Amino acid sequence: MNTFNIRLANQSDEDVENIARFQMACAMETEKKELLGETVRKGVKHIVSKSNDYYIVAEDENEVMAGCCLLHLQFSDWNNSYYLVLESVYVEASYRGKGLLKTLLTFAEDFAKEHNNISE
């Protein structure tokens with residue numbers, strides 16, 4: 001099993017470009033839909049500049065981005081708290097089957113536990 005570094009994405013051009021590329025690949029693989037790169041990049045930039053939603057990225061030992069997912073905080077009036085919803089999950093094809101998705105999910109669970117306003 002590979003070792004991956006999981007971190008919050010930042011506003012760097014490299015992070016934005018890689019995440020946008022992953023999201024466009026995901027749309028093509030899952031829905032055979034071609035997205036407009038500029039629109040997706042603007043959407044990614046919007047997310048990484050907001051404080052309530054987060055992209056997390058996984059990098060291999062060479063700091064090559066291998067996958068990502070969006071952590072979306074959704075408020076529940078039933079519980080008067082937030083829930084963490086995972087969206088826009090993508091793992092580069094060459095990294096699939098190597099435990100990366102599990103690593104992303106573990107990071108998301110730990111993130112939720114560290115923030116008191118997120119319910120389990």
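The model is predicted.

**Whole chain.** The C-alpha atoms fill a box of roughly 40 × 35 × 30 Å along the principal axes. The radius of gyration is 14 Å, which agrees with the value near 14 Å for a compact globule of 120 residues. Of these 120 residues, 38% count as buried.

**Cartoon.** Switch to a cartoon and find three helices and four strands. Read from the N terminus, the order is β-α-α-β-β-β-α.

**Strand E3.** Select residues 65-76, which make up E3. Nine of the 12 residues are buried, so the strand is largely enclosed by the rest of the structure.

Pick Ala 58 and look across to Gly 67 in E3. Five residues separate E2 and E3 in their hairpin, and in the turn Glu 63 has a positive phi of about 65 degrees.

**E4 beside E3.** Next select residues 81-91, strand E4, paired with E3 in the antiparallel sense over nine bridges. Phe 75 has Tyr 82 in E4 as its bridge partner. Four residues lie between the strands of the E3 and E4 hairpin, where Asn 80 takes a positive phi near 55 degrees.

**Charges.** Finally, colour the charged side chains: 12 are positive and 20 negative, and the centres of the two sets lie 5 Å apart.

Note on methods:
Residues numbered from 1 in each chain as written. Predicted model: local features only at pLDDT ≥ 70, side-chain atom pairs only at ≥ 80, totals over all residues. Heavy atoms only, no water. Buried < 20%, exposed > 50% of the residue type's maximum accessible area, 1.4 Å probe, protein only. Helix = DSSP H or I, 4+ residues; strand = E, 2+ residues; numbered from the N terminus. Pairing = 2+ DSSP bridges. Rg over C-alpha atoms; globule rule 2.2 N^0.38 Å. Lys, Arg positive; Asp, Glu negative; His and termini not counted. Charge placed at Lys NZ, Arg CZ, Asp CG, Glu CD.
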